[in-house]
Amino acid sequence: MTFGIVAWGGYVPRNRLDRSVIAATHAWMAPSLKGQAKGRRAFCNWDEDVVTMSVEAARNCLGPRDRSVVGNIQLASTTAPTADLQSSAIVAVALRLGRKVNSMDVGGSHRAGMAVLSNALRAGGKPTLVLASERLRAKPASVQEMQYGAGAAAFLLGSENVAAALIGSASVTTLLVDHFRASGFAHDYFWEERWIREEGYLKIGAEAIREALADAGVAPDDVTSFVFPAPSRGIADAVAKAAGIAPTAVAGALELDVGFTGAAHSLLMLSDILDKAQPGQLIVVAGFGQGADVVVLRTTDAVASGRPARPLADLVAAGHTTQSYAQMAAFYDEIHPDQGMRAERDTKTALTEQYRSSDQVNGFVAGQCSSCGQVQFPQLAYCVECQAPSTALEPLCLAEEKAHVLTFTADGLTFHPSPPMYMGFAQFDVGARLLMEFVDVNPDAFDVGTALEMRFRIKERDETRGYYRYFWKAAPVA
Amino acid sequence: MASGIKDKVAIIGMGCSRFGERWDVGTEALLAEAFDEALQDAGIERGQIDAAWTGSCFDRINVGNSAIPAATALRLDGIPVSRMENMCATGTEALRGAAYAVASGAVDIALAIGSEKLKDTGYGGLPVQTKGTFNDLWLPMGSAPAGFAQLAAGYRTRHNIPKEDLKRAIGHVSWKSHQNGVLSPKAHLRKAVPLETILNAPMIAEPLGLFDCCGVSDGAAAAIVTTPEIARALGKRDLVTIKAIQLSVSSGRESTTDQWDGSYVRNTRNAATKAYKEAGITDPREQLGLIEVHDCFSITELVTMEDLFLSEDGRAVSDILDGFYDRDGKVPCQVDGGLKCFGHPIGASGLRMAYEIYNQLLGRAGERQLSNVSMGLTHNLGGVPYLGVAAVSVLGLQ
């Protein structure tokens, strides 16, 4: 029985910043950045991180599929919000994968995303959800600040309706340290770009690709699409040439609208390829870092069945360009604007309560009263309408339900990392109603009646203790 | 319905501190300022008070939690003192506690006193409080203006009112209060403000601008209550009695089901219905001589005119613009300037409103005095319109 990619989906934060704005900001001391001032990069909102992007990519990937069949969830990132708290577990609860799912976080290298995908493809077994998500941080005025982006990709692997099958793979492990980031450090440290290119990408990458093609028993000429992630432009073309792959097969690296997304980048690029792929295509995907992992995939007649509701091209096109370098810098903790005394509120989380209510808060599970039918969030001891005991409430997840704006305001007084805070009542078609924060709002096209969809986001950041808590917010339907 | 407390309780003394940025005093002194005036007005000694209810909302910027600090501040020795906290209805809750104790026959003379020292937060606006371990996990932590501003979206949608027209009507609400506040010596803000200034002020929470929001002030107010019989025995002739005090608290229905359209406050309607019945009011538009309502934000006052059944649904905009609630209108609203000009020291506001009605009923309102006033109403709205507490009380001459 063939095991392979069944479905996929990406996620790119809505925020974009023109690289020319970054370059202009630093022109007084780093005029050479102007040479890279082309296109725009994606950056996370204050309430987006590796966890939230993973959830959104996974929702895009899974669509209406039965999530209870997922046996494993594996999340790769080098920028997970916590050093010791499983991001994949938070994602699993948000996706309502069930208590029996096997969860695992992987990090340590930009190669992690590809490592997880290739290992899961090789391992086979139960349906597996592979996630790679990255919110790369870069020192202001560094080349990386121009190159880095943010995004996530999700792949559902399984044995039924396989859209792309694994036909070969290879791994190489070396100790070429192109860059590193020590634990507790905020930024990456890089070695010379030319050395990384010539000794790293061109030799190690090409070696792994040749071995993977040999494992698959296919010739470089047969490759339809070639995915090779790197922060700098032109690398993939050079590696393709070194490996004998046709220049026309080299996939675009999302440089102009997203930027480099580290451990997520191979998977994000692959999702873009698969969005447009036809049956019978041969795809080579590599991941680089202390060696390389490479898989060779062939699309099947079922390739169209794996496509997400939102192709990556749509997510890329949906970007909202800001002109504020300071906003990006503040969201990434590079500058610390005075947030006023209102920001001093203690946001300590009662972890006991969080555990008790994790289905509701993380899973967004409302209750439908079996006596009167009222759908209600939150679920308390008695039905809000007929006062039936909570044992009468049947779980009903609101994450995918349709809603619209009933009331709203833009709150400029409360502390909010990105004021004003849009909030108001979301009225769900199924009858539930709750006060929610609205995100990704275009003020000119937002009013009572605006259609809403749900997003998993950071609810609050407890900066004192370094703990983020998550909830669902509502965004205008994209 | 129970027989209620109509005319079973008389107010024999009231006091009110000067409201404002009271950099000069702490909470204890504010309490004393209101207490001293109330004692003097009642003509009794402190030792004659049998029980007290003290209201405050934010313990960290007041004297602290429990009733002990207030009892200590006022040297109320050895009598039952209870602390009340029910959001913006706190002051009225203190009066309700004292009045119900007297009406029950449990005590002869009771004190209700409320205070808040908001200027000890270090910033304008209300302090941000936890909403409980569970609610903090999911409820947006919006400001008070944001909670009430949503009424504007709901109201204009239900009644199909253009944004500009609603903005002008709520602007008139604030304009009126500023006009009235000039005549209130104890008010925080005593300056008339042009309508254009109000309409063009910086936005706080859409569509509420700076002048659509009440001030943040320090203040205290107090009432001493007893039975009409004891009041007369104490030599009181013109008796102001409590005709009704009613309260309604949300169960979550408005915020959880689709049975509320965002355009009104259900709790106010509930409390008003019950209070009118208790007080014997059948036509509030005719029977109420003046009203002090919870104008925390201008949009709140606008919808409250309909929630108190003074304006027909959808007619508050025109009634307000027609001057029906102006000082020289049919039902003057906020003749002392309201929360808008007094500011809103949470625990004090309900009692401050009662203080104005009390003085108007007794003909003691000085430059503000209205003619032929025999019954007035106070209204508080705590929490947010969709999850809160409303209090309505009616005071009148016996």
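User: Which residue just after α14(B) takes a positive phi?

Analyst: Let's start at the end of a helix in this predicted model. Helix α14 of chain B covers residues 346-361. Just after α14(B) comes a residue with a positive phi of about 70°, and that residue is G363(B).

User: How many of the residues of α14(B) are buried?

Analyst: Buried stands for a relative accessible area under 20%. By that cut-off α14(B) is mostly covered, and the count of buried residues is 16 of its 16.

User: Now to chain A. Is S142(A) buried or exposed?

Analyst: S142(A) sits in the loop between β6 (128-135) and α5 (143-147) of chain A. Its relative accessible area is 13%, and the cut-off for buried is under 20%. S142(A) is therefore buried.

User: Which backbone atoms lie 2.6 Å and 3.1 Å from a polar atom of the side chain of S142(A)?

Analyst: Good one to look up in the structure! At 2.6 Å from a polar atom of the S142(A) side chain is the backbone oxygen of K139(A). At 3.1 Å from a polar atom of that side chain is the backbone nitrogen of E145(A).

User: How far apart in space are S142(A) and A23(A)?

Analyst: Along the sequence, S142(A) and A23(A) are 119 residues apart. In space, going from C-alpha to C-alpha, the distance between S142(A) and A23(A) is 9.9 Å.

User: What area do chain A and chain B bury between them?

Analyst: The size of an interface is often given as the accessible area lost when the parts come together. Here 46 residues from chain A and 44 residues from chain B take part in the contact. Carbon and sulfur atoms hold 61% of the buried area, which is about 3,600 Å².

User: Which residues in chain A lose the most area to chain B?

Analyst: Three residues together make up 17% of what the chain A side buries. They are R342(A), R345(A) and R433(A).

User: Which side chains meet in a salt bridge at 3.8 Å, N to O?

Analyst: Across the interface of chain A and chain B there are 15 residue pairs in polar contact and 2 salt bridges. A salt bridge needs the nitrogen and oxygen within 4 Å. At 3.8 Å, the side chains that meet are those of E385(A) and R253(B).

Definitions and conventions. Residues numbered from 1 in each chain as written. Chains lettered and ligands numbered in written order. Predicted model: local features only at pLDDT ≥ 70, side-chain atom pairs only at ≥ 80, totals over all residues. Heavy atoms only, no water. Contact = heavy atoms within 4.5 Å. Buried area = accessible area lost by both parts, 1.4 Å probe. Polar contact = N/O pair within 3.5 Å; in protein donor to acceptor, adjacent residues only side chain to side chain. Helix = DSSP H or I, 4+ residues; strand = E, 2+ residues; numbered from the N terminus. Buried < 20%, exposed > 50% of the residue type's maximum accessible area, 1.4 Å probe, protein only. Expected span 1.5 Å × (residues − 1).
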